[in-house]
Amino acid sequence: MTRALISQGPLPGKGPVAYIDMSTQLGELRLESPVLTASGCAAAGRELDQFFDITKIGGIVTKSVMMQPRSGRPTPRMAETPSGMLNSIGLQGPGIDRFIETDLEWLNQRGATTIVSIAGSTVDEYGKLASRLRPTPGVAAIEVNISCPNVENRGLVFACDPSMAANVIQLVRRNSDPRMPIFAKLSPDVTDIVSVAESVVRAGATGVSVINTLLGMVINPDTMRPHLAGITGGLSGPAVRPVAVRCVWQIRQAFPDLPIIGMGGIRTGMDALEFILAGASAVSVGTVIFHDPSSPMRIHEELQRALVERGFSSLADAISYAHRTSDAPTLEDEDDFDFITE
Amino acid sequence: MPVQVKGEVLDIRRIGAYHVLSLTAPGIADIARPGHFVTLGIGGEESSMVLRRAFAIHQVQSRGVYGGTLDVVIGIKGNGTKWLSERRRHDVVDIVGPLGRPFILPKERVNCVLIGGGYGSAPLFMLAEQLRERGCRVDVVVGASTEEKLFGVLELKRLASTLTITTDDGSLGERGYVTDILPELMKRVDAAVVYACGPMPMLASVAQISTDLRAYSQCAVEEAMACGIGVCMTCVLPVEGEDGVTRMLRSCTEGPVFRGDRVLWSAVGSIPPGTVGAPVEEAR
């Protein structure tokens, strides 16, 4: 396989950085950067394009779209928490038709790589969304959001039930182009995330996106009632990062070759590196965008620097590096590299 | 188009219950218009406070040795605003702006009434100046719960044809709400446009009074925001469009200034029936 070298040139203020191949492979999809925007934290890219060139990162994962327009939940929809936040947006969105006509059209005109996130309230709705996207140009991959915690019925969080999760993925797979990369977005709010991963992989998922938010709650001490109108919300931000890294690690242990998009509280390139070392082939950055709208580009650059500083000549070499056996040679023994690959 | 810059604190001073923070803001100050806002990053890069805080732009100086500076007025409401109030000269603050849709200014020389609740008077200074430059008569009303929570009384007196002050406790000006004296004032000056910034209940009353008196109202809302740039969908409120259809619109990008008669004030905090995408009662 040929790999183009991305030349970012010297990074500001910190001396030159050697050229390094930052490309990554997610099934059939090749990305020039492993950094994506997390679904729901970047809308459809247009707003962020004011702050950095969205074609220079791996891609935009759009906010989960449903068949019909959706108003979302009442306000307040957000609460800041220690090193994180709760959100209870409730999948506000334009519906798939308008999304394709306006948002996806804009992304394609802009030349961005677009991963479309879909959400349904029934298994059937996921299937319809996949069918609707099938003839639509400019969809690099589909992320199937089976884990949004902001739905009325917690029983409808498909990712909490391995067989329901498999039903959704199976239908999306059946209704999509066979080569279309399909990623199942999993919830950390389960007893055993590996068994959910196993069932979606068996159902035809190309890979998994981990993690979605954790279900949380805040009581307002002034009103002495739940702060969010939706009562519960999804916890995101640096507070959840160790949980997310653990999930990536566990899934990688069970599936040595499964493409994993890692996410959860990434704020810096060093945070992204943790996910890569734990086994993620790509990372999504989410809540940090609210703190720093330029962060996806910054994180790409910081990750590149962190890899160079550790002697890696490509991103691909660093994927799952934390899983090497303890007696494996260190990076200094570059000649012995063949020993430590599976 | 908004930019993200590192601003340096030039000055921070206490005025009544508030702090006025002056920052260098190259690229923001020169294009900011009345009603625009900025968001400030809180607590530095390793902060445990991940959300930015939004502030109406109070004043700008687009020229001078610092190449553009702006002032914001901070009321301490929690740890984030407290952190900002503790900034000192030469500290660096991450700024994004200018954000939002500013106040729309009238083309003709009409009479305008400006209403500020608490530190909601902050964006009215630039507005008053620009309206007067256009030859509009400007009357200002400011109100707060108590004298300490009024902002900018002396300066507004200079900018306005008349300044009326109300406080809930009567500690300065007339006792009561700004909206108590508003109808009388609007009739007296034959107001064509009303501009308001302040708490939601005040804006709701101002909008109603303006509609009753056939004046056009422009209300700047203060909704809780997470991102300020239109990506998070946190700061929505129900607004009726030209087509008569109600949608949940973002205060950060479709506001913060809305036409008073378009916002469904009594439904703020809910999804009114008939809103685009509102939940439908599910059959059992």
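**Helix packing, chain A**

I noted the crossing of α4(A) past α5(A) as right-handed. The model is predicted, so I keep that in mind for every entry here.

Next I listed who touches whom. From α4(A), the residues Ile193(A), Val194(A), Ala197(A) and Glu198(A) meet Cys247(A), Gln250(A), Ile251(A) and Ala254(A) of α5(A). Sorted by class, the residues of this contact of α4(A) with α5(A) are 6 nonpolar, 1 polar and 1 charged.

I then turned to the packing of α4(A) with α3(A). Helix α3 (residues 162-175) of chain A and helix α4 (residues 193-202) of chain A have axes 8 Å apart and pack at an angle of about 30 degrees. Angles under 35 degrees count as roughly parallel, and α3(A) and α4(A) are therefore roughly parallel to each other. I recorded a right-handed crossing for α3(A) and α4(A) as well.

On the α3(A) side I found Pro162(A), Ser163(A), Ala165(A), Ala166(A) and Ile169(A), which meet Ser195(A), Val196(A), Ser199(A), Val200(A) and Arg202(A) in α4(A). The contact of α3(A) with α4(A) comes to 6 nonpolar, 3 polar and 1 charged residues.

**Chains A and B**

How many residues does each chain give to the contact? I have 34 residues from chain A and 28 residues from chain B. I checked the classes on the chain B side that touches chain A: 18 nonpolar, 9 polar and 1 charged residues.

**One sheet in chain A**

I traced an open sheet of 4 strands in chain A, ordered β5-β6-β14-β11, with antiparallel pairing. Which strands stand at the edges? They are β5 (78-81) and β11 (214-216) of chain A; each has a single partner strand, so one side of each is left without a neighbour in the sheet. On average, neighbouring strands of this sheet are turned by 35 degrees against each other, direction ignored.

Strand β6 (residues 84-87) of chain A pairs with strand β14 (residues 233-236) of chain A over 3 bridges, in the antiparallel sense. Opposite Leu86(A) I found Leu235(A) in β14(A). As a reminder to myself, strands of a sheet pair through backbone hydrogen bonds, either parallel or antiparallel.

Methods: Residues are numbered from 1 along each chain as its sequence is written. Chains are lettered from A and ligands numbered from 1 in the order in which they are written. This is a predicted model: local features need pLDDT of at least 70, side-chain atom pairs count only at pLDDT 80 or more; totals for chains, interfaces and linings use all residues. Axes are lines fitted to C-alpha atoms, for helices over the stretch in contact, and angles run from 0 to 180 degrees between N-to-C directions. Helices (H or I, at least four residues) and strands (E, at least two) are DSSP runs, numbered from the N terminus. Angles under 35 degrees count as roughly parallel, over 145 as roughly antiparallel, 65 to 115 as roughly perpendicular and the rest as oblique. A crossing is left-handed if the near helix is turned anticlockwise from the far one by less than a right angle, and right-handed if clockwise. Two residues are in contact if their C-beta atoms, placed from the backbone, lie within 7 Å. Ala, Val, Leu, Ile, Met, Phe, Trp, Tyr, Cys and Pro count as nonpolar, Asp, Glu, Lys and Arg as charged, and the others, Gly among them, as polar. Two strands pair if DSSP finds at least two bridges between them.
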